[in-house]
Amino acid sequence: MQKNALEIDGRRLWETLEASGEIGKLRDTGLRRLALSDSDREIRDTFCAWARQAGCTVTVDQVGNIFARRAGTDDSLPAIATGSHLDSQMCGGKYDGVLGVMSGLEVLRTLNDRGVETKRPIEVVVWSNEEGARFTPPMQGSLAFVGDLTLDQVLASTDADGVQFGDELRRIGYDGATMLGESKFDSYLELHIEQGPVLDRIGIDIGIVVSGFKSRGLRIAVTGKTAHVGPTPMDERQNALVGAAYLITEVDAIGWRHHPQGGKTTTPRISCFPNLPGIIAETAELTVDFRHPDPEVADQMLEEIRAAMVTASEKANVSMEIVESWMFGDNPFSDACIQTLEETADTMGVSYMEIRSQAGHDAYAIGKIAPMGMIFTPCNGGISHNVAESIELDKTLPGVNLLLNTIVKIANR
Ligand SMILES: [Zn+2]
């Protein structure tokens, strides 16, 4: 690395990551830290304590987003923000999101160690409920921050047991007083593991993200009628679960049709009622996810799914309705951020490739209100949303050091 580039303390970052992975630990190597659960409270408390020890002022907004701020020499200027999320999937890994937050913290600790002041303030942000594993849609905290979701929409959303987001937020003590969107960002940089195999396979230090796949989510309600599984003739049934099954296979077929161009479809979730032996299902609910590198084709896939809903509901004699939908990934990444990241990487001698993001990230939403850029670091085998998710420190350091030096550059410009 170039001599005048700043370097973080890799061992401290690693120890911080490992300590954070003890909270909500699952099956030795993984994580189950669902949004607004007790373990989410514990990691939030831990992060806030670490941030205060690093001299930060910590504030929490109305949906529980946390802002740890290091003052600038001209503190009236908008902050350079960085961060990610600390919640996990039901069976997740301990680096997805966490690496971005703890890297931000490590950047601040490093600046403190070196006595480096910056003209603009720096904020490390923890966004609420990025994963959407408990409350939908995903990326609720960042979407609400930029006004794409209202406060009421977020607070009223419920988990599978009918528990409200607002009640859980209050229970864990993170119903903050700061108004949504109050923090103003000069720019936003998020570091995240790639969650795909490209960097690991090619052996390049980092990916600088230039765009995302347009991604859509749908929650589809299927309505049939309960009846006895014995005497009810096959031609008199309205089995919601059968309608859902027809739709699932059709959605999968749509994904395969778009596979050659990189399109993907998934039905990751199904629930049904009453879900008991002896009775035909009255209702079913599906979550459908679809993504495509070409935004126009992603829109066309929606029409294909709508058509599949008609076919599947006729075949099963049930009705289907889209009750919630969301979209992300087509926000433009900032050319200025990409350029600054690439220039900084060049001067540091860090190898990089331009890459497209296929997952959802809080950064997408923030791109609406501030110049935004993302750094991807390699994860072994591209494994993510799995307890076997893993990274190596020496392959992670170039990305974190790039984050550090780019933040300082932008904060002092
Ligand atoms: Zn993530």
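Student: Starting with Cys379, is that residue buried or exposed?
Tutor: Cys379 counts as buried, with a relative accessibility of 1%. The labels work like this: buried means under 20% relative accessible area, exposed means over 50%, and partly exposed is in between, using a 1.4 Å probe and protein chains only.

Student: What kind of model is this, and how are residues numbered?
Tutor: It's a predicted model, in which local features need pLDDT of at least 70 and side-chain atom pairs count only at pLDDT 80 or more, while totals for chains, interfaces and linings use all residues. Numbering runs from 1 along each chain as its sequence is written, and side-chain values use heavy atoms, with hydrogens and water left out.

Student: Okay, back to cysteines. How many disulfides are there?
Tutor: The count is 0, where a disulfide is taken as a pair of cysteine sulfur atoms within 2.5 Å.

Student: What's the radius of gyration, and what would a compact globule have?
Tutor: The protein has 22 Å, which agrees with the value near 22 Å for a compact globule of 413 residues. The radius is taken over C-alpha atoms, and the globule rule is 2.2 Å times the number of residues to the power 0.38. Along the principal axes, the C-alpha atoms fill a box of roughly 80 × 45 × 40 Å.

Student: What share of the residues is buried?
Tutor: Buried residues are 56% of the 413.

Student: And how many of the contacts join residues at least 24 apart?
Tutor: It's 79% of the contacts between residues at least 6 apart in sequence. A contact here means heavy atoms within 4.5 Å.

Student: What's the phi of Asn275?
Tutor: Positive, about 55°, although Asn275 is not a glycine. Asn275 lies in the loop between strand 11 and strand 12 and counts as exposed at 56% relative accessibility.

Student: How about Asp28, where is that one?
Tutor: Asp28 is in the loop between strand 1 (25-26) and strand 2 (30-31). Its phi is positive as well, about 70°, and it is not a glycine. At 62% relative accessibility, Asp28 is exposed.

Student: Last one: what does Asn405 touch?
Tutor: Leaving out residues up to four places away in sequence, Asn405 touches Ala5, Leu6, Thr344 and Met348. Asn405 is in helix 12 (residues 393-411) and is buried at 12% relative accessibility.

Student: How far is Asn405 from Ile280?
Tutor: They are 60 Å apart in space, C-alpha to C-alpha, and 125 residues apart in sequence.

Technical notes:
Helices (H or I, at least four residues) and strands (E, at least two) are DSSP runs, numbered from the N terminus.
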